[in-house]
Amino acid sequence: MKRTTLALACIALAAAGYTGTAAAQAKEQFVPANFYWVGPYAPGGSGIAGGMIDYFKMINNKDGGINGVKFTWEKCETEYNNGKGVECYERSKKHPPTGATLIHPLSTGITYSLIEKGTADKIPIVSIGYGRTSAADGRVFPYVFPLITTYWSQATAMIKFIASKEGGTAKLKGKKIVLVYHDSAYGKEPHAVLKKEAERYGFELTLLAVPHPGNEQQSQWLQIRQIKPNWVILWGWGVMNPTAIKAAAKIGFPRDHMIGVWWSGAEEDVIPAGSAAKGYIAAGFNVSGQNFPVIQDIKKYVYAKNEGEMEDKSRIGSIYYNRGVVFGIVTAEAVRKAQEHFGKGKSMTGEQVQWGLEHLNISAAELKKLGATGFMQPLKTSCYDHEGGGQVKFQQWDGTKWKVITDWITADKALVRPMIEEDAAKYAKEKGITPRDCPKGG
Amino acid sequence: MTFFIEVLVGGLLAGVMYSLVALGFVLIYKASGVFNFAQGAMVFLAALTFVSLLEMNWNFWLALLVTLVVMVGVGVLTERIVLRPLVNQPPITLFMATIGLTFVLEGLSQMVWGSQPHGLELGIADVPMEWLSQKWNINISKFDLFAAAVSGLLVAALALFFQKTRIGRALRAVADDHQAALAVGISLQHIWAIVWAVAGFVALVAGMMWGVRNGVQYALTFTALKALPVLILGGFESVPGAIIGGLIIGASEKLAEVYLGPYVGGGIESWFAYVIALLFLLVRPQGLFGEKIIDRV
């Protein structure tokens, strides 16, 4: 009898232990950290990964997670490689307790590889500031979110910025603009929009390709010297950026008439170029700096406990690090929104977080609560619009740090949105997708 | 015409930078018949070590000396750990070993010094010479000329080393015939260690020049790709071939990019260099200055 009681007690204890584990697991929200910490693009990958993970740690330590549900994550090295990115996705998608909440592929190539997989598995693919622009049409791409500002929006904001410097859009007529781009799908992304803008405003657009990796650009810049453009837009990545800035200095092209895309606008792009980078301008959907309450909270609740991700503390507050914090904020707010709808204090599935991502409303008041006023733009998404923001700030390198030189400049959505819809409709036709019925603007 | 001259001169000077990397390949191939795939990684390791020491406020010359010691150490260790156990193995085995070495060096460099890019200044501005711009409207960078002078000095030093020193003569003997060199008492291991150490020194010079141009970062490993068409064209065993090959590749790829590129969408220079090299292969498989292989059958 005693033995039976003991056995039953053991079973009961084991069961309690099991349910305890399950309960503990149920209080977790798993987000894969599929980034890159080695290779040519490691500065971007490691900085963004560090910012996002530190933000999750801060939320866990300060607030106990989202309504008591703590963030968990697992690192997987993608090396910015499509194959490895897909491998990491497959590894992380069924992670307990609810599978991957969402994926940040941090590569346009990996994003493209995951569009169909994520949609089939009901796991949102969140590509903040990269990826397929036309995925902003949520009717065709329900599980893909090129959030905050797409490449096309950014290109129109760049033209607006140039116009403001030239004295208005009317003054663009007859001006010469050269796009120096990474010869890849990423680099070709703004071509269509810039060509439309050139037709519309009458400026002369020259497209100059730089072959990967971009560590030799003499011929492109000699051509620029001959063209004598008024402005140069730099659409680079990695070593291509400092090389372009140095090459500009070499031909005497003024750096304050050179505007980089936001993947050409981090400290890692200008520091290697040394004094040649002084005056260089870059677009951004987030700014640098440590003087934001959200960064101060990370220092207080994470670094003060020696739990921070960044070995080199000077990188805290850098462009890439802060961009990772933006990734963290968007992820956390999507989970919060999903919980408000599906049940507070529960772990959310990918499908539920997709709902959260489609109902994001990070207003100015919300940003203030998050300690991120001026750090990122307000964001409002819908089933129809998976971009949400569409604004860009411009900053200038003063030789030691980035200095913000404009307020948020809104993209020309009247130009961009029809192009997005056209491209998305083409994709839907190719893949036999019936677009969802989403109310415009809602 | 002025523009053509500018493109041509710019291309020649860019070619000198490719030659700097190609020289490292030539040295090792000449002495051991090994195509050292890790030369790009050695350039990265050397530049990253040097700039990291400088950023720790080390004196320039001390940092240079310590980096040189590190590179010599890497060379000697490579001979001991990677090459010596593979003596008499087919060349493809040695080649595969250097591929492995590439990943080890890249990983170790980033593990020790981190993956962040660094700026490097040697006190010579990479800006056009004003008098030339004003008088002839030709843009030639001071730094490009400096790099060309450094390459010239390096080639002269290597030529002296090979021709006038005992070790140099031993190196040439090993290059000519391993068996004969061994028969007259030349230590193959000793020679290989020396040549890897010299290749480390060449990697340091190349790393410094490329580091000033593009910053010191992982992408320095890609400089090896720029050296390959130079080697195909100039020959794997010839120091002058590396220089002449570099000049031809540099000039032709720049002229192609500027004058042919616009008709085919641009961005052609990286593969156009290989087109030139392959064309040379068709008419002169051993390269411009490579040794002609005659097999008696």
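The link of A:C76 and A:C88 is left-handed, with -75 degrees about the S-S bond, and this value, like the others given here, comes from a predicted model. The sulfur atoms of A:C76 and A:C88 lie 2.0 Å apart and form a disulfide. This pair links distant parts of the chain, for A:C76 belongs to strand β2 (residues 70-77) of chain A and A:C88 to helix α3 (residues 82-92) of chain A, the two cysteines being 12 residues apart.

When the bonded cysteines of chain A are numbered in sequence order, the pairing reads 1-2, 3-4.

The loop between β11 and β12 of chain A also holds A:S382. A:S382 has a relative accessibility of 8% and therefore counts as buried, the cut-off for that class being under 20%. From C-alpha to C-alpha, A:S382 is 27 Å from A:K94 in space, and the two residues are 288 residues apart in sequence.

Another buried position is found in a helix. A:T331 is placed in helix α12 (residues 319-342) of chain A, and its relative accessible area is 0%, so A:T331 is buried. Which residues does A:T331 touch, when those up to four places away in sequence are not counted? They are A:V31, A:F56, A:F71, A:L102 and A:H104.

We turn now from the inside of chain A to its contact with chain B. In this interface 35 residues of chain A are in contact with 43 residues of chain B. The area buried between chain A and chain B is about 3100 Å², and carbon and sulfur atoms give 52% of that area. On the side of chain A, the residues that lose the most area to chain B are A:E216, A:K246 and A:K250, which together account for 20% of what that side buries.

A:E216 also takes part in a salt bridge, its partner being B:K254, with the closest N and O atoms 3.1 Å apart. Across the interface of chain A and chain B, three salt bridges are found by the rule, and the count of residue pairs in polar contact between chain A and chain B, with both residues at pLDDT 80 or more, is 12. Several helices contribute to the side of chain A that touches chain B, in that α2 (42-63), α8 (218-227) and α9 (240-251) of chain A each supply at least two of its residues. The largest share of that side, seven residues, comes from α8(A). By class, the side of chain A that touches chain B is made up of 16 nonpolar, 12 polar and seven charged residues.

Notes
Residues numbered from 1 in each chain as written. Chains lettered and ligands numbered in written order. Predicted model: local features only at pLDDT ≥ 70, side-chain atom pairs only at ≥ 80, totals over all residues. Heavy atoms only, no water. Contact = heavy atoms within 4.5 Å. Buried area = accessible area lost by both parts, 1.4 Å probe. Salt bridge = Lys/Arg side-chain N within 4 Å of Asp/Glu carboxyl O. Polar contact = N/O pair within 3.5 Å; in protein donor to acceptor, adjacent residues only side chain to side chain. Helix = DSSP H or I, 4+ residues; strand = E, 2+ residues; numbered from the N terminus. Nonpolar A, V, L, I, M, F, W, Y, C, P; charged D, E, K, R; others polar. Disulfide = S-S within 2.5 Å. Buried < 20%, exposed > 50% of the residue type's maximum accessible area, 1.4 Å probe, protein only.
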